[in-house]
Protein chains: 6
Amino acid sequence: MNTRAISRYPVPDMTELPEDIRARMLEVQEKAGFIPNVFLALAHRPEEFTAFFAYHDALMLKEGSLTKAEREMIVVATSGANDCLYCIVAHGAILRIYAKDPLIADQVAVNYRKADITPRQKAMLAFALKVALESNTIGDEDFAALRAHGFSDEDAWDIGAIAAFFALSNRMANMIAMRPNDEFFTMGRTPKSK
Amino acid sequence: MNTRAISRYPVPDMTELPEDIRARMLEVQEKAGFIPNVFLALAHRPEEFTAFFAYHDALMLKEGSLTKAEREMIVVATSGANDCLYCIVAHGAILRIYAKDPLIADQVAVNYRKADITPRQKAMLAFALKVALESNTIGDEDFAALRAHGFSDEDAWDIGAIAAFFALSNRMANMIAMRPNDEFFTMGRTPKSK
Amino acid sequence: MNTRAISRYPVPDMTELPEDIRARMLEVQEKAGFIPNVFLALAHRPEEFTAFFAYHDALMLKEGSLTKAEREMIVVATSGANDCLYCIVAHGAILRIYAKDPLIADQVAVNYRKADITPRQKAMLAFALKVALESNTIGDEDFAALRAHGFSDEDAWDIGAIAAFFALSNRMANMIAMRPNDEFFTMGRTPKSK
Amino acid sequence: MNTRAISRYPVPDMTELPEDIRARMLEVQEKAGFIPNVFLALAHRPEEFTAFFAYHDALMLKEGSLTKAEREMIVVATSGANDCLYCIVAHGAILRIYAKDPLIADQVAVNYRKADITPRQKAMLAFALKVALESNTIGDEDFAALRAHGFSDEDAWDIGAIAAFFALSNRMANMIAMRPNDEFFTMGRTPKSK
Amino acid sequence: MNTRAISRYPVPDMTELPEDIRARMLEVQEKAGFIPNVFLALAHRPEEFTAFFAYHDALMLKEGSLTKAEREMIVVATSGANDCLYCIVAHGAILRIYAKDPLIADQVAVNYRKADITPRQKAMLAFALKVALESNTIGDEDFAALRAHGFSDEDAWDIGAIAAFFALSNRMANMIAMRPNDEFFTMGRTPKSK
Amino acid sequence: MNTRAISRYPVPDMTELPEDIRARMLEVQEKAGFIPNVFLALAHRPEEFTAFFAYHDALMLKEGSLTKAEREMIVVATSGANDCLYCIVAHGAILRIYAKDPLIADQVAVNYRKADITPRQKAMLAFALKVALESNTIGDEDFAALRAHGFSDEDAWDIGAIAAFFALSNRMANMIAMRPNDEFFTMGRTPKSK
């Protein structure tokens, strides 16, 4: 496999794609300035593509008490645990931007315990990593630990569901050897005032 | 938590549900004679419900060279590795029915190496379990091993994507403590002629 | 190896066996209606056979505060942790019968935390699994946890000794590829009044 | 628990013991000059004691192509993997004596790959450790690897059965905190001509 | 502990330090524009500081067939395996600069199998990670694998010794919670012509 | 590789060595009666040799509240966790001598929980093993646990730094297959009055 390829699998030409998929790609391209490779790589299977992004949006764009930066922290921490290069790099970039913090993504990807985040956010990531790594041992005490930091049970669902969705996403990216766009490596690395 | 509950979370009343979700439940109820708890438990979040089953159907109902029984083998083997009671029991029942084999589900859930399946199916499950458990080490040699058994790269995507989807599903079921319907434990346990 | 064989090793003819071993087999056959494969497979080594069942009986048939169903729970839970197909299936059947519960064996084999058992029984299985999986870390606190649920130190010995004996049994069954009798897969799956 | 105690459990007085158990102890005492603590500690349960030593003798004293030193190597290597202090120290002493080699026990307990043993013996210990640590993955290829070094399938049973028996023994010793006799630590440490 | 602190331990004032340590710090400050926190944090123990950097220099600055970028790849890959934030971030920066490649450090830290490096460099990192994670299983076959890529046994020592030295360094950094300088996160992220 | 060799690498002749290295060897030879193989094996790289022993001395010979025997306990326990034959055997001998206890080294190498040491020393070894095996999870609570036994934060540095240094040492010894001198196996095994 050519390591600079976007994916082990063929990447469809934009012109071949169903209209709704092409529209979504053009929209993200307009906003980001480029098309993230996850769109191109997963478009190999349009039906799965549509379900994947519907699920993603249901978890990542919904209303709720978790901030957008916190949702991305969950993605980055659990992708770190799964050694998923695409998700660490792409969602690390998004996390830096949402959090307006150029350091946070590398910290959270390697070891959330050492990150510049709140104790509440550390509790959130401890729960997310337990869902990612040993969900069979989750019990009442884990929900209680979240409640002690002010998280509702609906927040717990959000945290766990994001960890679960990226369990899928990480495995797909690893299996098809999805390559992060070069742009993601450097996005959001210039400090901004918080 | 009451261990006989279907889920840690509230289960919505059928009458409160969006029409399309209710329709799906009634359809499955007609076919199976009961509503599998995964429908009731995930309906707590209708938007996620819709994406979940769209993804599920894209992988499990699509055309392709894998038989329906083989797809269920992947589900049962990877759910076994993740200690997911709901998925082992519910998909074990479906596997017994598709394979017309009352023994196969318990064999595959515990140790596919000892199951009454073909060497080709064992290679399929070895790949699926690698995606489930250490997707970061997947390499060209794993695709070559599948090809040696006549699997195409599209088949490899199917195998890996099912393993990845149930990585999500297992974690959700474990987190919300989804309980398998009693019916699933015994379905398909009477031997039939193959 | 033929996967439908009872064992990797030759199975002796009943007529060749020492009288006491043959007698035991006939007795179990009369009670169960068939001879469990563990008797046939281990009879390849009559001296080990005799010691194995003497040890088994000393632990499983003795007087004590653990019920027969509880002893079988320990067997099923630790065999689940060791991925031993024979012991999960055969002792799962026995557990269903002793507990008069068609669901309990699959629950305990996959994840005792989700099983319909008492907190006391969960504490019992937590101790058994610690003996099975990391006996080097057993300490006073583990005995204290059992005592908090009313188990005496003699009960603790029983629990740990059953886990230890099936550490042996699981490894033998896995090594010789012992196959569970088909009958075990379905025994005790019809619900009875408790 | 007093760490100098022989066991967490009461040690019976010689006079209270069944005649056959007492006789065995006196016999070993005459030969070794002291009573190994495993006899005293397990005598707390006479019926289990009898089965344990019957099993032990069936495996360790039987005729067969493995030498006595090789059987003890299996005990020491697998007990090392299970962090069982009693078995490493007591069987390490016996191994030194049988092998007439003061260095071999520490080598085999820590890392058989670095021990002064033959490639054939290393293959034997690789099989034994696979039985000890991941018996669910044992397959035809493991038996083939033994055959390549001249081991018969009966030898394979011996190797695996010793590993399996000490899986039991190590867990019992760890659970009851069995203490090795001081004598064992130094026995056989004076070099002898081979 | 204040997570923005450089270390759990007091950081000495430059004026209190032995002359040779101060000189080294000033030298690095002149070259890099800032003093990497590892110098400040380890200066808490001047004698250990001196030995640490003597060892570091003996391995990282010596003549040999490994390039400077390759040595840093070893540091980054093994620090990734040990979840050491300081070393991943600081040596990642150095790797980007030596390799003149803004992407390589994140790739190597997460999963060297997916990095834009040569098969020879992947073999180098496979050996380094085996030293880092399971050095007890290193054998002749691992040296042979390096030789197949043209590495001499002296190169093997270099590779393994760097992995071993950062086994120390990662543990110290994790234990004292050493914080990477903010500058390291962004250094070398602008692409340059190779 | 000849398993009786001192190292996979050439061992330099004393006459070729730099004066300071030769002097150190002669000094230790005079004291111990033989030259420990670590000196001969590491002398293959004189610059690394010098840094290694400077670091070793800074940690093992310094003033501080830990006794010499306690420092050696840390070496033996962490080397046991890393399966390093050289360090277990050589430092086990030194530990026996410093502690004037012929049993302690085998106990600590296998399982410090079962060793004849104080609760304070067990807390010390629990911290050391956490640094050795999962330093990324070290947190304030681990330092608090040491303080509860009267250890200062400077003591914590000593404990962790010794564990970290032998993380390096164990990996070097395993990689180069360093062989313990025969003398070490038996040194200090005769009981002395404490």
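How many residues does helix α5 of chain A have, and how far does it reach from its first C-alpha to its last? I started there, keeping in mind that this is a predicted model.

**Helix α5, chain A.** I looked up residues 85-99 and found 15 residues in the helix. The reach from first to last C-alpha comes to 20 Å, close to the 21 Å expected at 1.5 Å a residue.

Next I checked the burial of this helix. I noted α5(A) as mostly covered, with 12 of its 15 residues buried. The run from Leu85(A) to Ala93(A) is on the buried list, His91(A) and Gly92(A) included. Further along the helix, I also have Leu95(A), Arg96(A) and Ala99(A) down as buried.

**Positive phi values.** A reminder to myself: most residues other than glycine have a negative phi. So where does a positive phi turn up just after α5(A)? I found it at Lys100(A), with a value of about 50°.

Lys100(E) lies in the loop between α5 (85-99) and α6 (104-110) of that chain. Its relative accessibility is 44%, so I logged Lys100(E) as partly exposed.

In chain B, my entry is Asp83(B), not a glycine, yet with a positive phi of about 50°. I located Asp83(B) in the loop that joins α4 (68-81) to α5 (85-99) in chain B.

Conventions: Residues numbered from 1 in each chain as written. Chains lettered and ligands numbered in written order. Predicted model: local features only at pLDDT ≥ 70, side-chain atom pairs only at ≥ 80, totals over all residues. Heavy atoms only, no water. Helix = DSSP H or I, 4+ residues; strand = E, 2+ residues; numbered from the N terminus. Expected span 1.5 Å × (residues − 1). Buried < 20%, exposed > 50% of the residue type's maximum accessible area, 1.4 Å probe, protein only.
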